[in-house]
Amino acid sequence: MELTTIWFLLVAVLFTGYFILEGFDFGVGMLLPVLGRDDRERRVMINTIGPVWDGNEVWLITAAGAMFAAFPEWYATLFSGFYLPLLLILLALIARGVAFEYRHKRPEASWKSRWDKAIFFGSLIPAILWGVAFANILRGVPLDADHEFVGGLVDLLHPYALLGGATTAALFGTHGAVFIALKTVGDIRGRAATLAVRLGVVSAVLAVAFLTWTLTIRSSTAAVVLATGAALALLGGLAAARVRREGWAFTGTALAIGLAVATLFAALFPTVLPSTLDPAGTLTATNAASTPYTLRIMTWVAVFFTPIVLAYQGWTYWVFRKRIGVKHIPQH
C-alpha cells in the first residue's frame with residue numbers, strides 16, 4: 001500500500017474518532033437547556049463530559065496536523081476556501097471551553113445562564129458546520145487549475161450541504177442523549193433515554209437521505225457497504241435505547257457516526273477535494289501529498305506515539321466510567 005493511501009486512511013480515522021467522541025459532548029451541550037430542568041441537573045450533564053471533552057478535541061488538532069504534514073496542498077486549499085465556516089467553528093469551540101471553566105465561578109443565576117447559552121451555541125454551531133464542511137468536501141467546490149478556491153460563502157450553502165449540517169446536528173444530539181442516559185442515574189436518565197429514541201427517528205430519516213444523496217454524487221462498493229452498516233448500526237442503537245440498554249445504544253450510535261464518516265471518505269478516495277469548475281483543479285491523494293521522505297518520517301512517528309495516546313485516553317474514560325446524578329451535586 002502506498003504511503004499516500006496510508007495517510008489518507010489515517011486522516012480518515014482521526015476525523016472518524018473526532019466525530020464519534022466530540023459528537024457526544026456536542027450532543028450534551030446542545031441538550032443542556034432541553035434536559036437540564038434546574039441548575040443541579042445541568043451541572044450533572046456538564047460533569048458527564050467534564051473530564052473528557054478537551055481530550056476529545058485533541059483528535060481534531062491531530063487530524064488537522066496530519067493533514068497539514070501529509071497533504072499540505074489539501075490543507076491549504078481547504079482552510080483558505082472554508083475560512084469563514086472554520087473560523088466560526090473555532091470561535092464556538094473557544095466560547096464553549098471558556099464556558100465550562102467560568103460557569104461555576106459565580107453563584108448568580110444570570111451568570112450561569114449566559115455561560116449555558118455559550119455551551120449550547122458552542123456545541124450547536126460546530127455540529128452543523130462540520131456537516132456542511134464535509135458535504136462540500138465530498139461534492140466539490142469551485143477550484144481553478146492552480147487548486148485555488150474561487151468561490152464564496154454562498155457556494156458552500158447549497159441544499160446538499162445544509163442537509164449534511166442538519167444530519168450531523170441530529171446525529172450528535174442523539175449520540176449525546178444516549179451518552180447522558182449511559183452516564184447518569186435518576187430522572188434525567190429516563191428523560192435522556194426517551195429523548196434519544198425520539199431524536200433518533202429524526203436522525204435516521206436525515207442520515208438515510210444524506211447518505212443516499214451522497215452515493216448518487218460519488219460512490220464505491222466500500223461506500224455502499226459502509227453506508228448500509230451505518231444505517232443498521234443506528235437502527236440497532238435506537239432499538240437498544242428503547243429497551244434501556246444504554247451501553248449497546250451508545251455502541252450503536254457511535255458505530256453509526258463512525259461508519260457514516262467512513263462512507264464519506266470511501267466515496268471520496270482517491271480524490272481529496274474535487275473541483276466543480278476545472279478537472280485539472282481537483283486535488284487527489286497523490287498531487288496534494290508531501291514528499292515520500294516526509295511521509296516515511298511521519299509514519300514512524302505515528303507508529304510510536306499513536307498507541308500511547310490511545311492508551312492514555314482509554315485510561316481516562318475508564319477512570320471516569322461511573323454514573324453520576326443529582327445526589328452527587330451539592331446544593332449552593
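Reader: Does Asn136 count as buried, partly exposed or exposed, and what is its relative accessibility?

Author: The model is a predicted one, and Asn136 is found within helix 7 of it. Leaving out residues up to four places away in sequence, Asn136 touches Phe82, Val141, Asp155, Leu156, His158 and Ala161. A residue is called buried when its relative accessible area is under 20%, and Asn136 therefore counts as buried, with a relative accessibility of 1%.

Reader: With which residues is Leu153 in contact, leaving aside its neighbours within four places in sequence?

Author: Leu153 belongs to the loop between helix 7 and helix 8, and with a relative accessible area of 40% it is partly exposed. Its C-alpha atom is separated by 8.8 Å from that of Gly81, although the two residues are 72 residues apart along the chain. Once neighbours within four places in sequence are set aside, the contacts of Leu153 are Leu84 and Pro85.

Reader: Within what arc do the buried residues of helix 6 fall, seen down its axis?

Author: The buried residues of helix 6 are Pro85, Leu86, Ile89, Ala92, Leu93, Arg96, Gly97, Ala99 and Phe100. Seen down the helix axis they line one face of helix 6, because the arc within which they fall is 160°.

Reader: What covers those buried residues of helix 6?

Author: Several other helices take part in covering the buried residues of helix 6. The cover includes helix 1 (3–30), helix 3 (39–49), helix 4 (53–70), helix 5 (72–81) and helix 7 (109–139).

Reader: How far apart are the end C-alpha atoms of helix 6, and what span should its 20 residues have?

Author: Helix 6 covers residues 83–102, and at 1.5 Å a residue its 20 residues should span 28 Å.

Reader: Which residues does Trp130 contact, leaving aside its neighbours within four places in sequence?

Author: Apart from neighbours within four places in sequence, the contacts of Trp130 are Tyr18, Phe19, Phe26, Leu60, Leu86 and Ile89.

Reader: Are the rings of Phe24 and Phe250 stacked, tilted or edge-to-face?

Author: The structure holds 29 aromatic pairs. In the pair of Phe24 and Phe250, the ring centres are 5.7 Å apart and the planes stand at 65°, and planes over 60 degrees apart belong to one named class, so the pair is edge-to-face.

Reader: How many residues apart are Phe24 and Phe250, and in which helices do they lie?

Author: Phe24 is buried, with a relative accessible area of 0%, and Phe250 also counts as buried, at 18% relative accessibility. Their pair links distant parts of the chain, with Phe24 in helix 1 and Phe250 in helix 11 (residues 246–268), and the separation is 226 residues.

Reader: Which parts does the pair of Phe134 and Phe265 tie together, and how many residues apart are they in sequence?

Author: The rings of Phe134 and Phe265 have centres 5.9 Å apart and planes at 65°, so this pair is edge-to-face. Both Phe134 and Phe265 are buried. Because Phe134 lies in helix 7 and Phe265 in helix 11, the pair ties together parts of the chain whose separation in sequence is 131 residues.

Reader: What is the omega of the cis peptide bond that joins Phe269 and Pro270?

Author: Most residues other than glycine have a negative phi, and most peptide bonds are trans. Pro270 lies in the loop between helix 11 and strand 1 (271–273). The bond joining Phe269 and Pro270 is cis, with an omega of about 5°.

Reader: What is the phi of His147?

Author: His147 is found in the loop between helix 7 and helix 8 (159–183), and it is buried, with a relative accessible area of 15%. The phi of His147 is positive although the residue is not glycine, and its value is near 65°.

Key. Residues are numbered from 1 along each chain as its sequence is written. This is a predicted model: local features need pLDDT of at least 70, side-chain atom pairs count only at pLDDT 80 or more; totals for chains, interfaces and linings use all residues. Side-chain values use heavy atoms; hydrogens and water are left out. Helices (H or I, at least four residues) and strands (E, at least two) are DSSP runs, numbered from the N terminus. The expected span of a helix is 1.5 Å times one less than its number of residues. Buried means under 20% relative accessible area, exposed over 50%, partly exposed in between (1.4 Å probe, protein chains only). The arc is that of the directions from the helix axis to the C-beta atoms. Contact means heavy atoms within 4.5 Å. Rings of Phe, Tyr and Trp (its six-membered ring) pair if their centres lie within 6.5 Å; planes under 30 degrees apart count as stacked, over 60 as edge-to-face and the rest as tilted.
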